[in-house]
Amino acid sequence: NPKAATFVGTAISKWDTASATTLHYTFAGAREMNADLSGWKVAKVVTLEQTFRDASKFTGTGLSAWDTASATSLYLTFDGASVLNADLTGWKVAKVVTLKWTFSGASKFTGTGLSAWDTASATSLYGTFFYASEMNADLSGWKVGKVVTLYETFSSASKFTATGLSAWDTASATSLSNTF
């Protein structure tokens, strides 16, 4: 939506989203979005695919309060959200099977809260942090035993300083192509 390019929402925090089952493309292209989303009820949302794609200056206010326990896909959720700096500590991702391109192009994302993520169901980390150049996250708690592809997981993440990768069980991985 071209009109969403410079969206600054104030009343959006009061929207009743309790019946929503998808947020697919909800804020895609909202390049300068700055809205408080802490009041959003997303417990029934199954897919967050491309929710904040290309929301390049989205500040992420309120995302830590989201109940994401029903989500099964984070495909391209924050792709291109280059200035994103949201606290994702409260996100429950135990049912998520794909983290494909989740933070790709989120070049200034600091990774706050990712250490608490339960990634035991994930089978793909394909491009998860591709071009997430300044990311600094503790990923030691990530369980990646079911992951079959690490293709481009950290590719082009030039200043990526994640810790905890030595604890990863990559025995199921069949592709390490361009991982770093």
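## A look inside this predicted model

Let's start with Leu 114: leaving out residues up to four places away in sequence, Leu 114 touches Leu 88, Phe 103, Phe 109, Phe 129, Met 135, Ala 137, Asp 138, Leu 139 and Trp 142 (contact means heavy atoms within 4.5 Å). This is a predicted model, where local features need pLDDT of at least 70, side-chain atom pairs count only at pLDDT 80 or more, and totals for chains, interfaces and linings use all residues. Residues are numbered from 1 along each chain as its sequence is written, and side-chain values use heavy atoms, with hydrogens and water left out.

**The core**
- Leu 114 and Leu 37 have the most contacts inside the largest nonpolar core, which has 48 residues (such a core is a set of buried Ala, Val, Leu, Ile, Met, Phe, Trp, Tyr and Cys residues joined through side-chain atoms within 4.5 Å).

**Around Ser 124**
- Ser 124 is buried, at 11% relative accessible area (buried means under 20%, exposed over 50%, partly exposed in between, using a 1.4 Å probe and protein chains only).
- Beyond four places in sequence, the contacts of Ser 124 include Val 97, Lys 100 and Thr 149.
- A polar atom of the Ser 124 side chain lies 3.3 Å from the backbone nitrogen of Tyr 126.

**Salt bridges**
- The whole structure has two salt bridges (a side-chain nitrogen of Lys or Arg within 4 Å of a carboxyl oxygen of Asp or Glu).
- Asp 79 and Arg 53 form one, at 2.7 Å from N to O; Asp 79 is buried at 12%, while Arg 53 is partly exposed at 25%.
- Glu 134 and Lys 108 pair up at 3.6 Å, N to O; Glu 134 is partly exposed at 38%, and Lys 108 is partly exposed at 43%.

Conventions: A polar contact is a pair of N or O atoms within 3.5 Å; within protein, one must be able to donate a hydrogen and the other to accept it, and residues adjacent in sequence count only if both atoms are side-chain atoms.
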